[in-house]
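Please look over the model below before reading my points.

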Amino acid sequence: MASPGFSPLRNVSKPEVAVFVSGVASMGLEILAGRVVAPQFGSSIYTWGTIIGVFLAALAAGYYRGGRLAAREASSAGLARLLLGTALWVALLVFAGDLLVRSTVPLPLPSRAASLPAVVLLFGPPTYLLGFISPYGAELLDKDGIGEASGHVYALGTVGSIVGAFGTTYLLVPALGVDAIGFAFGALLVATAALLVAPSPSRDSVLSVAGALVILAAALGSGSVGVSPAGQVIHEEETAYQELQVVDGAETRTLYLDGERHSAMDRSDPTRHVFDYTRYFHLPYLFADDPDEIDRVLFVGGGGFSGPKRFAAEYDATVDVVEIDPAVVDVAKEYFTVEESEDLRIHEGDGREFLRETNTTYDLIVLDAYKKDKVPFHLTTREFMALTSDRLSEDGILVANLISAPSGPASRFYRAEYATMSEVFPQVYAFPTAGPGAVQNIELVATKDGDRVSQATLRERNERREIGIDLSEEIRNYRAEEDPGDVPVLTDEYAPVDALLEPMVGQRYVIEEREADDEDDQSTPRPRVADRASLAPVAVADGRF
């Protein structure tokens, strides 16, 4: 039985604290690594496999070297020096992480291994130093036998890793930016080093601890001052799903997700289509036999809400939007003039889950949650496309906005998605948005009507129908029926999306923009209905497609 006043914390030795903290820092930095390299290299399975492999290799090297040195060099002061060395490297990451990542881009490596040099350079050295902590700690522990000491160290380090994993994922990433999280880990390492040399530190130890803390603070303070090459950064945050920035240019406001332009808004005309690809969302009003029958519209993916805002403002239709990232919804409301109403309502959640649970039938579904390198496979498969078909009316239309190339090796994802949609829908049409060859937005339009709509018919309807926008330029990009070639049909059981996206790694993503003076919208918008009380309520949410 424990004696009165017994506290387990009183029996925790300094080496045990060091081992625990090393576990917290190593796993926390591993998760942070994904956020640091994602804007440049994406967050595919290849990137994460590289991160995990580099961290394991660096730890293994540190364990080995630390084990050879522990018998003659292990001491509390030695542990403190290792922690301070790691903290200084973290300060370098905070100060110049983006520059170091970009410096590795020109290296001639296969696309799957493109992130390897960056991960090794940025995270190999600090992880290697952290690997010394466990063997040093085992040598300093007051335990009977090597087995007991090593088992105790493994347990402490693993518990620390668990704390680092959950703490970084659920607390730090949603609350802080990458630099602030790096500073937090650096400060934790410095504080632990200070504990190790207490209560009677030498003058050199005090100077080392203080110097490391000053360098960390200076690295954090010298970070971004709110300016990017594209303009003035007016908001940025690390969400649970991605790195988010809102950047103001001369006339437009742009939403960046993981470093890529996602949506843009003309600040003087918030519903104008700045990015050309968003104009293609109106094509269903030409494909439909009767555009007035498009009453209910669902957007899977919100972003800056370019499409939903325009549809809600201009068409006699209710608009549901599904957005998975709550921070994106908040930013859209604060910076992109998005307001919920009877015509536009927002729900946060996964797109597939929303479709599975809703009983609403839609006349048009727009899948607008693709990113260049982050495509949740469960929103690309034959089973998912069948679900969208089930939620569409008899003459319903599906539009999928994907990022790929219309030809060449980088077209594999486009062709696979074309083949997958063709398994479910009788007719699928393709509209590249930025010319041949380039990685770009490609709009796929799928209909439940088995009759093929020709390019000539679309031209005639565009001239005759008043749908609020002239799509004559978009119709020119109409492609004949596609031959998917040697790509798989994507299924829930087999959807190698990362492999299909791989040829796009390192290629420039082209987004065509339209100047305000070039706007060719039709002058007569479609009339709106004043009384909508009889219509079903709408939803707005997002699954990152």
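1. Helices (H or I, at least four residues) and strands (E, at least two) are DSSP runs, numbered from the N terminus. Residues are numbered from 1 along each chain as its sequence is written, side-chain values use heavy atoms, and hydrogens and water are left out. This is a predicted model: local features need pLDDT of at least 70, side-chain atom pairs count only at pLDDT 80 or more, and totals for chains, interfaces and linings use all residues.

2. Overall picture. The protein has 17 helices and 13 strands. Its C-alpha trace spans about 85 × 55 × 45 Å along the principal axes. Of its 545 residues, 52% count as buried (under 20% relative accessible area; exposed is over 50%, partly exposed in between; 1.4 Å probe, protein chains only).

3. Phenylalanine 305 sits in the loop between strand 6 (296–300) and helix 10 (306–314). Its phi is positive, about 65°, although it is not a glycine. Most residues other than glycine have a negative phi, and most peptide bonds are trans. Phenylalanine 305 counts as buried because its relative accessible area is 0%.

4. Threonine 337 also deserves a look. It has a positive phi of about 50° and is not a glycine. Its loop runs between helix 11 (326–335) and strand 8 (344–348). At 45% relative accessible area, threonine 337 is partly exposed.

5. Check the peptide bond between alanine 198 and proline 199. It is cis, with omega about 5°. Proline 199 belongs to the loop between helix 7 and helix 8.

6. Where does the kink in helix 4 lie? It is at phenylalanine 123, shortly before proline 125, and amounts to about 45° (the angle between axes fitted to the seven residues ending there and the seven starting there). Helix 4 (residues 116–131) spans only 20 Å between its end C-alpha atoms, whereas a straight helix of 16 residues would span 22 Å (1.5 Å times one less than its number of residues).

7. Buried residues of helix 4 include Pro117, Leu122, Phe123 and Pro126. The buried residues of helix 4 pack against helices 1, 2, 3, 5 and 7 (contact: heavy atoms within 4.5 Å). Helix 2 packs with helix 4 at an angle of about 35°, axes 8 Å apart (lines fitted to C-alpha atoms over the stretch in contact; angles run from 0 to 180 degrees between N-to-C directions). Residues of this contact divide into 12 nonpolar, 5 polar and 1 charged (Ala, Val, Leu, Ile, Met, Phe, Trp, Tyr, Cys and Pro are nonpolar; Asp, Glu, Lys and Arg charged; the others, Gly among them, polar).
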